[in-house]
Amino acid sequence: MLDKIFIGLIVGLVLIILMMLVRVFKGPSIYDRLNGLGVIGSDTILLIVLIGYYNKRADMFVDISIAYAILGFIGLVVIAKYFDRKET
Amino acid sequence: MAIVAIIFLLGGFFFTFVAALGVIRLPDFYSRLHASGKCETLGMVLSFLGLAIYEGFTLTALKLFFIVIFIFIANPTGTHILSRAAYRSGIKPWTRKGE
């Protein structure tokens, strides 16, 4: 029963990521695009763990998810510091 | 235990969907940042707590709890640093009079 809920959540998260791609391509300023990329990176953490639960090997996918979370946060901070005080 | 896990997972997905809807539809950069800063954090925390409840007392549940603590620190920090960069580079907040 819980496998169907995992499949539904995976499909819903992929739809949310496609909705965020609209904001990434259409955003008026460059900070809107960065915001959309941050939301995509934060959704992908949950998506990796749910795929691991669907494949019944969650202990391996959780480690990949921790590494992805730390790398995504560091990338967002570096790009935001790079675009600080620039006239765009 | 499975019922509680299902309730937590569906609540987390609801808040994540509301965050995505706010980022699509709100009129200003700062309000879009507000939608993605708070709803996104709550949705992620609820979802990972639901998965940890479904798992039980194992090492994987401890790692999921570590992800919860990391998201609770890192997501508002990223939102704040993005907002400060946008304010210093001269984006004005949206008001009702200005439009």
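# A guided tour of two chains and their interface

Begin by selecting R32(B), which is buried at 6% relative accessibility; here buried means under 20% relative accessible area, exposed over 50%, and partly exposed in between (1.4 Å probe, protein chains only). The model in the viewer is predicted, so that local features need pLDDT of at least 70 and side-chain atom pairs count only at pLDDT 80 or more, while totals for chains, interfaces and linings use all residues. Residues are numbered from 1 along each chain as its sequence is written, chains are lettered from A and ligands numbered from 1 in the order in which they are written, and side-chain values use heavy atoms, with hydrogens and water left out.

**First stop: around R32(B)**

R32(B) belongs to helix 2 (residues 29-55) of chain B. Helices (H or I, at least four residues) and strands (E, at least two) are DSSP runs, numbered from the N terminus. Next, display what surrounds this arginine. Apart from neighbours within four places in sequence, R32(B) is in contact with R23(A), P28(A), D32(A) and N35(A) of chain A, and with G22(B), V23(B), L26(B) and P27(B) of chain B. Contact means heavy atoms within 4.5 Å. Now zoom in on L26(B): its backbone oxygen lies 3.2 Å from a polar atom of the R32(B) side chain.

**Second stop: the interface**

Colour the two chains separately and select the residues where they meet. The contact takes 43 residues from chain A and 38 residues from chain B. How much area do chain A and chain B bury between them? The figure is about 3,700 Å², with 76% of it on carbon and sulfur atoms. Buried area is the accessible area (1.4 Å probe) that two parts lose on being put together, summed over both. On chain A, select Y31(A), N35(A) and Y53(A): these supply 15% of the area that chain A buries against chain B, more than any other three residues.

Across this interface the rule finds eight residue pairs in polar contact, both residues being at pLDDT 80 or more. A polar contact is a pair of N or O atoms within 3.5 Å; within protein, one must be able to donate a hydrogen and the other to accept it, and residues adjacent in sequence count only if both atoms are side-chain atoms. On the side of chain A that touches chain B, helix 1 (2-26), helix 2 (30-54) and helix 3 (58-82) of chain A each supply at least two residues. Helix 3 of chain A gives the most, with 13 residues. By class, this side of chain A has 28 nonpolar, five polar and ten charged residues. Ala, Val, Leu, Ile, Met, Phe, Trp, Tyr, Cys and Pro count as nonpolar, Asp, Glu, Lys and Arg as charged, and the others, Gly among them, as polar.

The structure holds four salt bridges over all chains, and three are found across the interface of chain A and chain B. A salt bridge is a side-chain nitrogen of Lys or Arg within 4 Å of a carboxyl oxygen of Asp or Glu.

Select D63(A) and K63(B), whose closest N and O atoms are 3.1 Å apart in a salt bridge. This pair crosses between chains, from helix 3 of chain A to helix 3 (residues 59-88) of chain B. D63(A) is partly exposed at 38% relative accessible area, and K63(B) is partly exposed at 24%.

D84(A) lies in the segment after helix 3 of chain A and R88(B) in helix 3 of chain B, so the pair joins two chains. D84(A) is buried at 16%, whereas R88(B) is partly exposed at 38%.

Then select K56(A) and D3(A), which form a salt bridge (3.6 Å, N to O). K56(A) lies in the loop between helix 2 and helix 3 of chain A and D3(A) in helix 1 of chain A, so the pair ties together parts that are 53 residues apart in sequence. K56(A) is exposed at 62%, and D3(A) is partly exposed at 35%.

**Last stop: aromatic rings**

A search of the whole structure finds eight aromatic pairs over all chains. Select F6(A) and Y53(A): their ring centres are 5.7 Å apart and their planes at 40°, so the pair is tilted. Rings of Phe, Tyr and Trp (its six-membered ring) pair if their centres lie within 6.5 Å; planes under 30 degrees apart count as stacked, over 60 as edge-to-face and the rest as tilted. F6(A) is buried at 1%, as is Y53(A) at 7%.
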